[in-house]
Amino acid sequence: MDKARAACEGRDMRSPRLAVRALILHENRLLLVNAWPGGVSDLWCAPGGGVEPGASLPDNLVREVAEETGLTVAVDDPCLVNEFHDPDTGFHQVDVYFRCRILAGSLSAGWRDPAGIVTERRFFAQEEIARIRHKPDSLAGAAWGGGLLYDPLEVIVR
């Protein structure tokens with residue numbers, strides 16, 4: 001069986017995973033989440049997650065942001081494509097980041113991620129980003145910059 005057919009049948013576990021992420025600036029602060037069950041890591045990232053087949057990238061992103069933050073967003077233009085991998089396991093993910101605007105909702109202390117993965121959500125000023133552990137390395141440039149950036153393959157966590 002050829003590799004393309006095996007991948008279509010779900011047999012190629014080395015195929016990159018596709019995910020979408022939201023860059024949400026509110027009052028010039030970027031929304032990030034701690035997406036580690038039990039809060040066991042200090043690593044911050046933009047809200048988002050894996051793409052489900054049969055839904056557009058923006059529709060997937062609206063769903064993921066609502067699940068992880070409780071916010072309803074409008075999805076605007078893509079601004080970053082980032083790849084990362086885990087050399088020990090072969091895991092490889094491609095994240096497509098979109099600029100988003102808040103349409104409804106606010107961060108409330110009583111909110112809980114239904115999947116139990118996101119343990120904290122917080123807005124960060126640009127100067128704070130340099131002082132926290134975050135992924136990807138190009139996060140601040142994409143959030144406060146312009147155009148579409150490409151951040152080539154980087155190690156998942158250092």
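Is Phe124 buried or exposed? Phe124 is buried, with a relative accessible area of 1%; buried means under 20%, exposed over 50% and partly exposed in between, with a 1.4 Å probe and protein chains only. The model is predicted, so local features need pLDDT of at least 70 and side-chain atom pairs pLDDT 80 or more, while totals for chains, interfaces and linings use all residues. Residues are numbered from 1 along each chain as its sequence is written, and side-chain values use heavy atoms, without hydrogens and water.

Rings of Phe, Tyr and Trp (its six-membered ring) pair if their centres lie within 6.5 Å; planes under 30 degrees apart are stacked, over 60 edge-to-face, the rest tilted. Trp44 and Phe124 are edge-to-face, at 4.9 Å centre to centre and 75° between the planes. Trp44 lies in the loop between β2 (29-34) and β3, and Phe124 in strand β6 (residues 120-125), so the pair ties together parts 80 residues apart in sequence. Strands (E, at least two residues) and helices (H or I, at least four) are DSSP runs, numbered from the N terminus. Trp44 is buried too, at 7%. The second pair joins Phe84 and Phe91, with centres 6.2 Å apart and planes at 45°, so this pair is tilted. Phe84 is buried at 12%. Phe91 is partly exposed at 32%.

Glu64 is found in helix α2. Glu64 counts as buried, at 9% relative accessibility. Beyond its neighbours within four places in sequence, Glu64 is in contact (heavy atoms within 4.5 Å) with Gly48, Gly49 and Gly50.
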